[in-house]
Amino acid sequence: MEDLSLYILDIVQNSISASATLVEIFVKEDQENDKLILIIRDNGKGMDPQSVGRVTDPFYTTRTTRKVGLGLSLLDAVAKACGGRVVISSRPGVGTEVRAEFGYGHIDRPPLGKMEDTISVLVTCNPTIDFVYTHISSKGSFEFDTRDVRQRIGDLSIDHPYVIAWITDYVREGLDGICGGGKE
Amino acid sequence: MKSLSELEEIRKRALEAVNLRKDRNGTRVVVGMGTCGIAAGARPVLLSFIEEIKKRNLQDVIVTQTGCIGVCRLEPMVEVYRPGEEKVTYIKMTPDKVKRIVAEHIVNGRPVTEFTIGAEEKQ
């Protein structure tokens, strides 16, 4: 995949399959320590320790339709390729946290990409799930929380095209302010 | 600059324009969002559907997602369900194809046969 926002879109699908009602996405650009940290945390059904140990194996999946599961294996591969790693912690009944670290300045680190598109797609397709996106860089921080949006729109559905268009612009503008416009 | 308070204005505008959205018996557009779909370009395809639906102010169409449909080499794939009609599966989707599918199939009820999985399998 071309950029981190696509990996994020892909990894969050696991949270959705795990019946999460709240998914938190956290990105920290820590240039001082040459690290980009990505955390995806959900309150889904969680995994037992045996599964946690095997999820980055491309030939492990809980699906019964096919024998491969590539999402976390790809993230693990790209993190390792840029001097980082993926750590997964999970508790059955509580939720799962995927933490990926990348060398910030590593030549193979994918750019962030269009996070506004990833958030808009997630909200459109999962209007009953709440998403929180926090982005921290040396220039400041940005937070987006679908619960704030819901409060304002009342009985209007969050996946209404007008609301989605607003979310896209809001996230894009928020990131432009702290990621220096071109997003690397 | 966008602010949360704008959402109240958006809510008013939306509710004035729409009373129908609550009963959703219309067309369903389902985009394959497995790892294969995402890697092949499902996100821009899904966003173009939303864009076209917004542009045309279509009230009874919803866009949603599913996992890997099982024919990864034909991704991005989209299934269109219209009430009372058979499902139509479109393959190797692009934002340009979306425009034609919305105009011809979703609005006018004529599936774009050349983009369907049936057309591919015949070759």
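Predicted model: local features only at pLDDT ≥ 70, side-chain atom pairs only at ≥ 80, totals over all residues.
Reader: Which helix of chain B does α6(A) pack against, and why is the pair called oblique?

Author: The partner is α3 (residues 42-55) of chain B, and the angle between the two helices is about 125 degrees. Angles of 65 to 115 degrees would be roughly perpendicular, and over 145 would be roughly antiparallel.

Reader: Which residues meet where α6(A) and α3(B) pack?

Author: From α6(A) you get A:P161, A:I164 and A:A165, and they meet B:I50, B:I53 and B:K54 in α3(B). This contact holds 5 nonpolar residues, no polar ones and 1 charged residue.

Reader: How do you know whether α1(A) and α4(A) are roughly parallel or roughly antiparallel?

Author: Look at the angle, which is about 20 degrees. Anything under 35 degrees counts as roughly parallel, so α1(A) and α4(A) are roughly parallel to each other. Their axes lie 8 Å apart, and this crossing is right-handed.

Reader: And which residues of α1(A) and α4(A) meet?

Author: On the α1(A) side they are A:S5, A:I8, A:L9 and A:V12, facing A:M115, A:D117, A:T118, A:V121 and A:L122 in α4(A). Sorted by class, that is 6 nonpolar, 2 polar and 1 charged.

Reader: Which residues touch the most other members of the largest nonpolar core?

Author: Out of its 79 residues, they are A:I8, A:I119, A:I167, B:V31, B:L46, B:F49 and B:V78. The helix with the largest share of this core is α6(A), with 8 residues. As for A:I119, its contacts beyond four places away in sequence are A:F131, A:Y133, A:F144, A:I167 and A:V171.

Reader: Why do nonpolar side chains gather like that?

Author: As a general rule, in soluble globular proteins nonpolar side chains tend to be buried together.

Reader: What makes A:D34 exposed?

Author: Count its C-beta neighbours inside 10 Å and you get 12. A:D34 sits in the loop between β1 (22-30) and β2 (35-42) of chain A. It has a positive phi of about 50 degrees, although it is not a glycine.

Reader: Why is B:K92 called partly exposed?

Author: B:K92 has 15 other C-beta atoms within 10 Å. Exposed needs 12 or fewer and buried needs 20 or more, so B:K92 falls in between and is partly exposed. Its place is the loop between β4 (88-90) and α4 of chain B, and its phi is also positive, near 45 degrees.

Reader: How do you know where B:K99 falls, buried or partly exposed?

Author: B:K99, in helix α4 (residues 95-107) of chain B, has 15 C-beta neighbours inside 10 Å. Buried takes 20 or more, so B:K99 counts as partly exposed.

Conventions. Residues numbered from 1 in each chain as written. Chains lettered and ligands numbered in written order. Core = buried A, V, L, I, M, F, W, Y, C linked by C-beta atoms within 7 Å. Helix = DSSP H or I, 4+ residues; strand = E, 2+ residues; numbered from the N terminus. Contact = placed C-beta atoms within 7 Å. Axes fitted to C-alpha atoms, helices over the stretch in contact; angles between N-to-C directions. Nonpolar A, V, L, I, M, F, W, Y, C, P; charged D, E, K, R; others polar. Left-handed = near helix turned anticlockwise from the far one by under 90°.
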